[in-house]
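Here are my notes on the model you sent, as numbered points. Please read them with the structure open.

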Amino acid sequence: MADSTLKRIHCKVIRLNNGWAADQVVEVGANGLITGIKAVNGAPVDRILEGPVLAGMPNLHSHAHQRVLAGLTEVHMPGQDHFWGWRELMYRVNARITPDHLEAIATQLYIELLQQGYTSVAEFHYLHHDSGGHHYESIAEMSQRLCAAAQNAGINLTLLPVLYNQGGFDGQPLEGIQRRFCNTLEQYLHLVEVIKETLLDTSSNRLGLAVHSLRAVSAKELRELSAIAEKYYPQAPFHLHVAEQTAEVEQCLAAYHARPVEWLCGEHDLGPRWCLIHATHMTAAEIRAVAHSQAIVGLCPATEANLGDGLFPLPAFLNGGGSFGIGSDSQVCASPARELQLLEYGQRLAERRRAVVVDEPERHVGAALFDRAIRGGSRACGQQCHGISVGAAADLIELDPQNLALASRSPDHALDSWIFASTQSCIRTVITSGRQVVTDGRHDLQEVATDRFRGVLQELDPAGQI
Ligand SMILES: [Zn+2]
């Protein structure tokens, strides 16, 4: 990729953390961070962006390998039309994925995410070993491939190696394809150190820690890992899936005599570093506890709808002061705009009212959704600053002023229209850490990546596994 680092970017209309501003120059340092935001003063600039400029959206929950499955699981399976049936289909396909495949799949996915307006991705990564459960020569082989894909595509990566070593609350060992996921806590900590020492050497990459879910590790190991995270990885976000499925809630009640979120809040001192993915099924007391803890909830509306998870209790959570971000999870939707639209629409259908996410004195639903997802998503990705502000990464997206969906609209109405009334990406320019990676909607590596991805699809034949 040609060096496209920009030092001074003139934005004619830009959404800063305190609202819209006109004719601002974003100054970018050598490390890709914003060093200043100043009114245009006639000094030369590297780029002029005419359309409304927004912060790039963090994608706080991605399983890159599931990109090959997107759209293929819409088949009726008598008695199996639920999450667990879908998971079996997903396992069949991911059994065949090699390191080369993963790099090609993730590169294609990350380019698609960039083109739709995501500029960073938290990769919840548990596909550690070969399909027999044997370790590759380096325990971090698959992690390295994800880092390479992010580097190729130019997306900021928060790599979340996942601890996953039991098949249920009863502690049964992992079997079949799940052996790919398995590390003891000791092996996992070794993996984390290898990633930290050898892979995350740029300012665009970060490390986070994760356990797959309460059913996938013992209570003892979760306690140990959480203590280690606190002591040795104070900057790293800590993620887990929780309360996505009612069956999981029932299993947790049987094993721990508490609901998943209730148990987690009782056993652990949740705080701003924690990110609870889904948290769909909560009581009023659980909602209050999570909101109060300042943990982020990671919402993946398209995947949650696709899998029939249930509807997140957003109004009560926001009333309690809760924070959320969004993720692409199973990759049925690469667009942050579509995720935010579905998030709001699900709530409208349930509440039978409009503008559910907005709180006085806010007026525009698009801005309310967007700003909240930027704030929560940035923290869940381990970023110290959010939005377009000094100290944050220079991650900018420009809405296309030529797109008819946005024409003749104020910036607020353009943001609303992108989220609620466009059928296209509407993104003209994407800049990550000061580097322009999407120009006129196109990514430099698009053709090469797509060719490789088509080859992977032929080799894996995911449709043939369904
Ligand atoms: Zn997930």
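Buried means under 20% relative accessible area, exposed over 50%, and partly exposed in between (1.4 Å probe, protein chains only). This is a predicted model, in which local features need pLDDT of at least 70 and side-chain atom pairs count only at pLDDT 80 or more, while totals for chains, interfaces and linings use all residues. Residues are numbered from 1 along each chain as its sequence is written, and side-chain values use heavy atoms, with hydrogens and water left out.

1. Zinc site. The zinc ion has H61 (NE2), H63 (NE2), H241 (NE2) and D329 (OD) as protein donors, at 2.1 to 2.8 Å. Donors are N, O and S atoms within 2.8 Å of the metal (3.2 Å for Na, K and Ca); water is not among the atoms, so sites may look incomplete. Along the chain the donors are spaced H-x1-H-x177-H-x87-D. H61 belongs to strand β5 (residues 57-62) and H241 to strand β10 (residues 238-242), so this pair ties together parts 180 residues apart in sequence. Helices (H or I, at least four residues) and strands (E, at least two) are DSSP runs, numbered from the N terminus. H61 is buried at 0% relative accessibility, and H241 is buried at 7%.

2. Helix α7. In α7 (residues 260-267) the buried residues are P260, V261, W263 and L264. They sit on the same side of α7, because they cover an arc of only 160° around the axis (the arc is that of the directions from the helix axis to the C-beta atoms). These buried residues pack against α5 (219-232), β10, α6 (246-256), β11 (274-278) and α8 (284-293); contact means heavy atoms within 4.5 Å.

3. R215. This residue is in the loop between β9 (209-211) and α5, and R215 is buried, with 10% relative accessible area. Neighbours within four places in sequence aside, its contacts include F83, W84, R87, E248 and Q251.

4. Backbone points to check. Most residues other than glycine have a negative phi, and most peptide bonds are trans. The bond joining E360 and P361 is cis, with omega about 5°; P361 lies in the loop between α11 and α12. C426, not a glycine, has a positive phi near 65°. C426 is in the loop between α13 (411-421) and β15 (427-432) and is buried at 5% relative accessibility. D461 also has a positive phi, about 45°. D461 is in the loop between α14 (446-460) and α15 (462-465) and is partly exposed, at 38%.
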